[in-house]
Amino acid sequence: MSGDQHAQPPASEHEDLPGLRERIDRLDAELLGLLSERARCAEAVARVKRRQEANPVFYRPEREAEVLRRVRERNPGPLSSEAVTRLFREIMSECLALEHPLNVAYLGPVGTFTHLAARKHFGHAVETRPLASIDAVFGAVETGRAQFGVVPIENSSEGVVTHTVDCFMDSDLLICGEVVTPIHHHLLTQAEDLSQVQRVRAHAQALAQCRQWLDSELPHAEREAVSSNARAAEIAAGDPSAAALASQAAAEHYKVPVRAPHVEDRADNTTRFLIIGSGTTEPSGADRTSIMLSTANRPGSLFSLLKPIAEAGISLTRIESRPSRCTPWNYVFFLDLVGHQQDPLIRDCLEQLRASADTVKVLGSYPQAAT
């Protein structure tokens, strides 16, 4: 834009309607020109990478995180930071598709919250592949059928998704990103009255997250855990006696009416998802590092593992334990640390842990989720 255009006064309701519409038309034309210029730059980046790199990497999570963080910091309003983040995410998604299309596997089917997390993180210009299990998502990325995968890791009210944690024990895949998504469950059913609902289906975690509402509003209905909320919606589409707990996207995709919105017991219900891939991620300036530790079952063993972290002043945001599956009553610990493994504090701490723990496995350093 020219200096004169930047100097234009802000739009005012005192201007006449034709003048405001004319200004919007000019701005739309300028935006279109800038978007096209950005897309051409992305195409040029792809050509340079292919010319200069033997195995070019087109998707850089740390680069996208930096761009989105800068957009939020510079946002003058009146659009919310969430709105501008969503807009720029889609712009980057379309530009990346011009460089190199991405294939992303996720815990399906269509309409799951994992599907929504994949769209939130990668935008709508990627090819998404719904799979039936968390194991299948790991397998698709490990074999190269998908470049990245999206899996749930923890819910704010129901805790860790143990299946995802267990998959990391046997996989060499790395965490390269995270997504935090508010979870709003709706009751979907073809029944016109809730008294007609005989069975409510959903993923086990969704049933747990809506326990109080179900006890109060549908005490007569049986509850059945299924593989996903989207699968529950698919069943409810053809069974008027059944209801599902699912997302608005699932309601729209499977054409099942929402009879009761927002039935989750906690308004702040949130789920964290992980992006898994085969490559490492460089520092973005606001990162998290996930590690897996194991040690012999002896007095003070956990204290000895946590001591270097505490002494270094590193923030520990999550710790979980899982059976090692090798020796009875031996456990593996999963920890999330604030910082990147290339940061001096984290690097030195990992060195100390390797000297004292039986096993230290870095699951990945990655940008913290943009809220």
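In the predicted model, valine 110 is partly exposed, its relative accessible area being 26%. This residue is placed in the loop that runs between strand E1 (103–107) and helix H5 (113–122). Leaving aside residues up to four places away in sequence, valine 110 touches His115, Pro130, Ala230, His253 and Tyr254. Glutamate 94 lies 16 residues from valine 110 along the chain, and the C-alpha atoms of the two are separated by 21 Å.

The protein chain as a whole comprises 13 helices and 15 strands. Its C-alpha atoms fill a box of roughly 75 × 60 × 40 Å along the principal axes. Of its 371 residues, 44% count as buried, and the accessible surface comes to about 19,000 Å², with 53% belonging to carbon and sulfur atoms. Among contacts with a separation of 6 or more, 74% are accounted for by residues 24 or more positions apart.

Charged side chains number 39 positive and 49 negative, and the centres of the two sets lie 4 Å apart. On the surface, Arg38, Arg63, Arg70 and Arg74 gather in a patch of positive charge. Helix H3 (residues 61–74) gives the most to this patch, with 3 residues. Arginine 38, by contrast, is found in helix H2 (residues 17–52) and is partly exposed, at a relative accessible area of 31%.

Side chains of opposite charge can pair when their charged atoms come close. In this model, the count of salt bridges comes to 17. One of them joins glutamate 222 and arginine 199, at 3.0 Å from N to O. Because glutamate 222 lies in strand E8 (residues 222–225) and arginine 199 in strand E7 (residues 199–202), the pair ties together parts that are 23 residues apart in sequence. Glutamate 222 is partly exposed, at 47%, and arginine 199 also counts as partly exposed, at 27% relative accessibility.

A salt bridge between glutamate 311 and lysine 307 has an N to O distance of 3.9 Å. These residues are 4 residues apart in helix H12 (residues 301–311), and they are therefore separated by about one helical turn. Glutamate 311 counts as exposed at 57% relative accessibility, whereas lysine 307 is partly exposed at 38%.

Aspartate 336 and arginine 318 also meet in a salt bridge, at 2.9 Å from N to O. This pair links distant parts of the chain, with aspartate 336 in strand E14 (residues 331–338) and arginine 318 in strand E13 (residues 316–323), 18 residues apart. Aspartate 336 is buried, at 1% relative accessibility, and arginine 318 is buried with a relative accessible area of 9%. Both residues belong to a network of salt bridges that links Glu154, Glu178, Arg272, Arg288, Arg318 and Asp336.

Technical notes. Residues numbered from 1 in each chain as written. Predicted model: local features only at pLDDT ≥ 70, side-chain atom pairs only at ≥ 80, totals over all residues. Heavy atoms only, no water. Patch = residues over 30% accessible without salt bridge, like charges linked within 9 Å, V, L, I, M, F, W, Y side chains within 5 Å. Areas by Shrake-Rupley, 256 points an atom, 1.4 Å probe, with all protein chains shown as cover. Salt bridge = Lys/Arg side-chain N within 4 Å of Asp/Glu carboxyl O. Lys, Arg positive; Asp, Glu negative; His and termini not counted. Charge placed at Lys NZ, Arg CZ, Asp CG, Glu CD. Helix = DSSP H or I, 4+ residues; strand = E, 2+ residues; numbered from the N terminus. Buried < 20%, exposed > 50% of the residue type's maximum accessible area, 1.4 Å probe, protein only. Contact = heavy atoms within 4.5 Å.
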